[in-house]
Structures are given as structure tokens and as C-alpha cells.
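Colleague: I am new to reading strands and chain contacts. Please walk me through them.

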Amino acid sequence: MTTALRAPVSACPACDATPAALALAGATVADARIALSLPTIHCAACISTIERGLNAAPGVRNARVNLTLKRATIDAEHDVMPQDMVTLVESLGFEAHELDVGTLAATGTDKAGRELLMRLAVAGFASMNVMLLSVAVWSGAADATRDMFHWISALIALPTIAFAGQPFFRNAWAALRAGRLNMDVPITLAIVLALATSLWETSLSGDHAYFDAALTLVFFLLAGRYLDHRTRAIARSAAEELAALEVPRAFVLRDGAERQVPVAELRQGDMVVVRPGGRMPVDGMIEQGQSEIDRSLLTGETLPVFAGPGQNVSAGEMNLTGPLTIRATAVGQETSLHRMADLVAVAEAGRSNYTSLADRAAKLYAPGVHILAGLSFFGWLIWAGDMRVALNIAAAVLIITCPCALGLAVPAVTTAASGRLFRRGMLIKHATALERLAEVDTVVFDKTGTLTLGTPEVINLGDQATGDLAVALALASASSHPLSVSLTAAARAAGVVAADVAEITEVPGYGTRGSWNGRQVCLGRATWLGAPDSAETTAWLKLGDSAPIAFRYTDRLRPGAAEAVAELQRMGKRVCVMSGDNTGAVATLAKRLNITDWTAEALPLEKSNRIAEMTAAGARVLMVGDGLNDTAALAAAHVSISPASALDAARVASDIVLLGNDLSPIPLALATARSATRRIRENFQIATLYNVVAVPLAVIGLATPLIAALAMSTSSITVSLNALRLR
Amino acid sequence: MEILAYLIPISLILGAIGLLGFVYTVRSNQYDDPEGDSRRILSDEWDDHPKP
């Protein structure tokens, strides 16, 4: 704090006065909270270097690095710019990216997780105490001592269950109100009935009380819930970090000056400046400037499109060469990017039909348990004619059959599997994604940005004369257009030395021009140089008046794409490609990857319709895609994967996000998902086996609280250990 | 058996102290950065006096 107050030495007196005034008022009015992602930090020295550097910066009040999340949070004066902080950290030798604080806010405090942890701790404390008292009862405490122990147990158990059991009570109530049965209904019934009969027994100074069983039950079940919650919280926080990396900021021309504002503040009619390499924040019309735009994320086309004044652009398109000024025609929710969300919502309605394994088990299990408990209650009531005995036995049946192991069966396995896949760079976002992934028999890939990286690669470099290459290299190295960048890299790698080309200028939207040996030389698009149109991505080189020379490009394959496709085919899955790109490009790629089933020039709706058709024909489809044109298809598929480079909308619509660049973890994920589902089924079988052994004892009235406690703990532990065997 | 009258409350109180300690650690965000905290202890930066 002291360093932060001493530090500000600024040129403007008002800036010096403001912090003092704020300190006087005791308020922190316009404080800025800045979050940085620091992917490369790994040790104690990294932490202290960055914290020391940031805390010494003028205007910074407090900076703290979180190594687990690889993130730094900075509290600073309002005039501290995030960009300066990024530069500062980079100058310390670490990679840094700005994160959008608004998007992160949701994960900042994981309230639900904390609440569950608190309930788990209370249940753990109470069940241990009560278990200790119960051990005394089991080893032979009698009469007054036993009654006293029972009363103390009741005193601990009642408030604990009222507090810790709330998640189950709430879920059970919600299910009953909707007229359904879920796993929480038998749980709640068992807990409540066990407490009620135990209280009654205790007041009559009876032998058996099930306080310990009710508490351990709550404890084990909460442990399952907490595991489940944590797995998903980790995935969610990582997914949100991906979203937060795209800070929604735009440059707006207001009163002749360029100002940086959050995208949310943009209005219709604003003049927005988009620099080369930037994404369009709004739908609009180009007012000024010429450039080329890359629409691959929206349509799947790889060919950059020429853009000039009067042309319409949509949010999400990438500006490639020249700065553009756009008049906004639709902002925020009205942009075409957001309208796509409606399509996604429609497609998602179909998927919610999936019932998880746990729910299917509950559907079989819950009525069975209730009928069994009811039958033993009435059977004993008729046979023994004693309400108290009958109720005691019904409670014992409910407690022994209570799905304690069932509650752990799924979360323990999914936690282990998600953890394994997370280390391989896959985020499992959806709870039932693994189960659905295991059923997949058809894999549909998008082309641009999924099977390919969306970066071009020259294919006919070897056919060119050395002299031409030298000129092309000279022209290309002056431009930051993706085709030029790729040509430069390829030519340099081939050992070409740039020719001495003078007066190189870039003509935004067309190409680069220069003069060489007294002739004008140009490198650029076909229409500019009078070259024939071609289906492939092509750049043309024109030397003086001679015929233009073609540099043909193909989209570079994503690393691991070929291996992933081959492995999936080896596993017997049907692999298809569905792309919005032109037929030639898709056919070439399909041939390269040995895929016979492909569709080109597919519109977004066609993609999702084809997936719906496949599903109707009985296929379980895994969709892998990254663009806006894939979002509806991603949501319509049985399960979906998108790479981290995908558009935010596509990542939201998919169940699994691939963190790295590599596609090869996909077959691995399928294998892991299958073995995880097998383990889940095994766990259900183990839990059932324990029930088959213990239930007859309970029904004939031989079950004591000791047997109930033993059956419950051993089955829970076996199930957890079985989950850890997952490979 | 009078000893129970002392021992049971004592054990309950000891357990409750542990529980309260745990609740305190959760409330004061001590589980937010387990990896970072395990490394921070190796740094000698605040050895002489605590971080202000």
C-alpha cells in the first residue's frame, strides 16, 4: 500500500491531486480492476518478480499473482491502462494477456462450491462425533448410558442434517413438484424416516438408533456432490478464461478523435475504426478504407474477400490489410453474431432429451426401493402387529438401500476421467458429455479452422523461377497479409534471397507494388492484375507487362488432424467433412485425409439439418467445429467439440473444448469416455451387489445400525477405488 | 461413569474448534491458490516482517 501511495509521479497536477482527494473522501470511486493471464509462470521466483514489478508501477494499489489459475489481479487507479500492465509484465520476461474482468467475475468467488464445502465439513464433523458415540453403543453400552449417547447423537444430528442436507431436500422437492422421481427422493425419504424412527426409539429408550447412518449417508453423498461440482467448476473457469481473453473493446471516432470504449457502449451510427488484424465488433457498412476481410469463422470460406466503401460487414469478421472505418448498423444483441444464438437454442432443445446413466438408474431404482420399504413395513405390520417394529424395519430397508454408493458412482468416475483429459488439453464442460461421447459412432468435422488451421501454405513454390521468387519475396515481406506472411516464410525457408525492389507500397485490399530493374512489379489478387479467377486461394505476381504468375495456396492442416482421422477410422467410426467452403478446396482436403464422405458449400442450417437427419437415422454424431456457421450443428449433434481458437459462440455451444492446437486427443477422449462409462456401469453393479446381500437382512429384521454403517461405508469405498482404476 | 460428563463435552468442543478453524480458512480465501501458497513459503521476501 505504501509503495503505491508514494509512487505516483505524473506530469499533470490533477492526477496527483485526485488520489489524495479520493483518500480523503475515504472512497475508492473509479478503481480499475485488471486481470492478466500469465500462462508461463511456474515458480516462487516468477510470483515475486511479477508482484514486485507490478506493485512498483505508478497507480497500482495492490497486485497479487495466483499460481493455480496462472493469473494476476491488479487493483489500480482508474487511469491505469491494462495495455501498460501487459507491456510491463512482458518486459519482466513473462508472457501476458489481458483478461476481461466482467467475464471473469462469475468465477471470482465460487459461491456454490464454498457452500457445498461448508456443508461437507459440518457433516463430516458431526458424523465423526456421532460415529464415536455409536461405537460405544455397539460395544455394549446399555440402559441410561445408551440413552444418553442416543440423545447426544440426536442433538448433534438434527441441526446438522437440517443444514447439510438442504441440497438433497431442495432437489427432491423440485422433482416431486414436477411429478418426477430422482435419486434425491429416496435419499430424502431415508434420511427423514431414519431420523424420525430413531427419535421415537430413543424416546422409548430402544436399542437401535440410526443417527450415525443418516449422518454418514449425508457426508458421503455430499462428497460425491462436491467432487461433481469441482470437476465442472474447473472446466467452467478454464472456459471462461478463454472467453475473457477476447476483451470486448473498440476504437470509436468521436468529435474527430479516436477513443477506446467497451463494445457494450457502442451505439448505432457510431464510426468504428478496425485496424488490420482486428475483428469487427459490430455489423456495419464500410465508410472509409480498403482492405480484405477473412470470413472463415462465419462462413468457412478460406478465400479472403475484398472490402471497400459501401460494403456491408458482419461482427466477427477479421480485417486483414488496411484500416477500415465502419458505420455501425447493428450493435450488441442485434448483430448477426447474436442472432445465430436463436438457431442454437432451437437445436439445443433436441439434445436435452438425453437422460444420464444416473437418472436412468434412479428411474429403475427409486420406485423399487419405495415399494420394497413399503412392502416390508406392511408385511411386518400385519405379521407382528407392531407399528414400532414395522417402522424400524422400513427405516432399516431404506437406509441400507439408500443410493450412497450410487451417488458416488458417477461423480468419482467423471472426476477421474475429466482430470485425465484435462491434462491432455481437453475441457469437459458438460456433466453428461463423457457418457454421450462414449456412444458416438459418427464423427463430423468442419474444415476451415478445425481440420485446417485457417493459415495458408504455398504449394507450388518449387515450380517458380528463382528470379521470380526473389521479387515475390521482396514484395511479400513488406506486407502483413496472411498470404504474404506465409509466402515470405516459405521462400526464406527455401533459401531465396530477396531481390532489390524499390518503392514498395501496399495497396490495401489489392496487394503490394514496387519497381524492379525499371519495371513495375506487383503481387496481389487476381482482379487487380487481370489474372483469371481460380477456385483455389491464389496470389499473383506480375512483372511489367508479362503474364501473371500464380502462387497457389492450400490451407495448412491442423497438427494431429491426419492422425486423429486415421485413428477414428481405425476405431470403426464413420468420418465426414461438412464445410461452407467451395467444392474444390473441400475435395482436395478430403482426398488428403482419405475421407470419402464430404459436403461442401453447406449453409449453417443445412449443416444442422444434415446432423438431425443422421441422428434420425440412428447415428450418434460427434460434431467438431469452430465457426459461427457450425454453432447450430454443434448444438444439434449428440456431443460436440470445438478448438480453443473457435469463436466464443461455438465454444459455448459445444460440450468439450480442445485447449491445444492439436487434434490428436480426440480419439483418446473417445477411448477414455468409453472406459469411464464402463466403470460407471461397474460401479452401479457393485452398489447393487451390496444391496442384494444386505437387503434380505434388513427385510427379515436382522439389520442392526452396525450392519447398515458397514454396508454403507464399504460400498462407498469400493466404488471410489474402482473409479480410480480408470486408465 | 461421571467422567463422561466431562469427556463428552470436551471432545465435542475440541471437534468444534477444528470445525470453526476450517470454516475460517474457507471464509478467508485460503483455498483459492493452493499451488501458489506452497511456493510462496519458499520466497524470503517477507521473512523479516509481514507484508503490509
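Modeller: Start with terms. Helices (H or I, at least four residues) and strands (E, at least two) are DSSP runs, numbered from the N terminus. Two strands pair if DSSP finds at least two bridges between them. This is a predicted model, where local features need pLDDT of at least 70, side-chain atom pairs count only at pLDDT 80 or more, and totals for chains, interfaces and linings use all residues. Residues are numbered from 1 along each chain as its sequence is written, and chains are lettered from A and ligands numbered from 1 in the order in which they are written.

Colleague: How many bridges join strand E15 to strand E24 of chain A?

Modeller: In general, strands of a sheet pair through backbone hydrogen bonds, either parallel or antiparallel. Here, E15 (residues 442-445) and E24 (residues 621-624) of chain A run parallel, joined by four bridges. A:Val443 has A:Leu622 as its bridge partner in E24(A).

Colleague: Which strands stand at the edges of that open sheet?

Modeller: The sheet has seven strands of chain A, in the order E14-E26-E25-E24-E15-E22-E23, with mixed pairing. Strands E14 (426-428) and E23 (597-599) of chain A are at the edges; each has a single partner strand, so one side of each lacks a neighbour in the sheet.

Colleague: How many residues of chain A are in contact with chain B?

Modeller: Contact means that C-beta atoms, placed from the backbone, lie within 7 Å. By that rule, 19 residues of chain A touch 19 residues of chain B. On chain A's side, H6(A) gives the largest share, seven residues.

Definitions and conventions
Contact = placed C-beta atoms within 7 Å.
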